[in-house]
Amino acid sequence: VEIVALRGETPVPAGELGITVAGRPAHATTCGRGCSRVSAPVLDGRARALTVRHGAQAVSFDLPAQLPPAGNATFDRALRTMDALRSYRFTERLSSGGDTVFTRIDVQAPNRLRLRTRGFRSVIIGDTRWDNRGGSWEQSAFPGLDVRELLMWHEAKNPRVLRRAGNGVQELTAFGLEPVPAWFRLEVEPSGRVVEAEMTAASHFMLHRYADFDEGVTIKAPR
């Protein structure tokens with residue numbers, strides 16, 4: 001088992017952690033900056049609890065009895081389905097552990113976006129951007145937009161199926177290095193549409209909820 005412990009964005013050395021597996025203390029060795037490695041029987045048919053302590057704080061995880069099944073087929077279908085959409089909307093909840101920022105975003109393929117958050121609006125069309133911070137629009141150059149890049153989980157790898165719901169929705173987890181090293185959790189409908197995606201990274205917690213698929217979003221340059 002490899003554990004990465006961070007306080008904010010500062011890695012915690014292995015020697016400062018207390019780790020138990022199934023209630024038994026486990027010796028940790030370093031496996032890189034902020035990485036601690038423990039040799040223990042896991043994923044061998046028995047569920048076990050892993051607890052990591054740093055000072056007075058402790059975090060516990062329930063390790064499954066076996067490695068969850070691969071979710072490559074579901075993940076690949078989700079990518080194809082979302083990439084093929086002409087338009088959709090989503091809400092974004094972003095936090096670093098403190099204040100939370102809510103944003104509403106409209107997307108029109110292949111290169112149009114409109115976002116609204118508290119006190120700010122923006123429109124991007126291709127290589128042009130318009131921002132509104134106080135009632136007037138300011139136009140500026142933009143390096144270009146491919147709406148597929150808005151899917152924060154687009155470059156994730158090694159998907160696994162965590163859960164299959166009765167309505168056919170599958171919950172996946174995956175890991176990616178873009179836009180930052182992070183874990184992703186997706187809820188994928190049988191159609192291949194992703195209705196919810198969550199990112200967990202160092203001091204970066206983001207939740208997307210997708211809706212209004214191909215329901216006539218039209219984005220134009222503001223006047």
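**Questions on a predicted model**

Reader: Which residues make the nonpolar surface patch of about 330 Å²?

Author: In this predicted model, the nonpolar patch covers about 330 Å² of the surface. The residues that make this patch are Phe175, Leu177 and Trp183.

Reader: Is Leu177 buried or exposed?

Author: Leu177 is found in the loop between β17 (170-176) and β18 (182-188). A residue counts as exposed when its relative accessible area is over 50%. The relative accessibility of Leu177 is 56%, so this residue is exposed.

Reader: Which residues form the disulfide, and what is its handedness?

Author: The structure has one disulfide. Cys31 and Cys35 form this bond, with 1.9 Å between their sulfur atoms. Because the torsion about the S-S bond of Cys31 and Cys35 is about -80°, the disulfide is left-handed.

Reader: Which term, buried or partly exposed, applies to Cys31 and which to Cys35?

Author: Buried means under 20% relative accessible area. Cys31, at 23% relative accessibility, is therefore partly exposed. Cys35 has a relative accessible area of 11% and is therefore buried.

Reader: How are the rings of Phe75 and Trp153 arranged?

Author: The count of aromatic pairs is five. For the rings of Phe75 and Trp153, the centres are 5.8 Å apart and the planes lie at 70°; planes over 60 degrees apart count as edge-to-face. The arrangement of Phe75 and Trp153 is therefore edge-to-face.

Reader: How many residues apart are Phe75 and Trp153?

Author: Phe75 belongs to helix α1 (residues 72-83), whereas Trp153 lies in the loop between β15 (137-141) and β16 (157-164). The pair thus links distant parts of the chain, and its members are 78 residues apart.

Key:
Residues are numbered from 1 along each chain as its sequence is written. This is a predicted model: local features need pLDDT of at least 70, side-chain atom pairs count only at pLDDT 80 or more; totals for chains, interfaces and linings use all residues. Side-chain values use heavy atoms; hydrogens and water are left out. Patches are made of residues with over 30% relative accessible area and no salt bridge: like charges are joined within 9 Å, nonpolar side chains (Val, Leu, Ile, Met, Phe, Trp, Tyr) within 5 Å. Accessible areas come from the Shrake-Rupley method with a 1.4 Å probe; for residues, only the protein chains shown count as cover. A salt bridge is a side-chain nitrogen of Lys or Arg within 4 Å of a carboxyl oxygen of Asp or Glu. Helices (H or I, at least four residues) and strands (E, at least two) are DSSP runs, numbered from the N terminus. Buried means under 20% relative accessible area, exposed over 50%, partly exposed in between (1.4 Å probe, protein chains only). A disulfide is a pair of cysteine sulfur atoms within 2.5 Å. Rings of Phe, Tyr and Trp (its six-membered ring) pair if their centres lie within 6.5 Å; planes under 30 degrees apart count as stacked, over 60 as edge-to-face and the rest as tilted.
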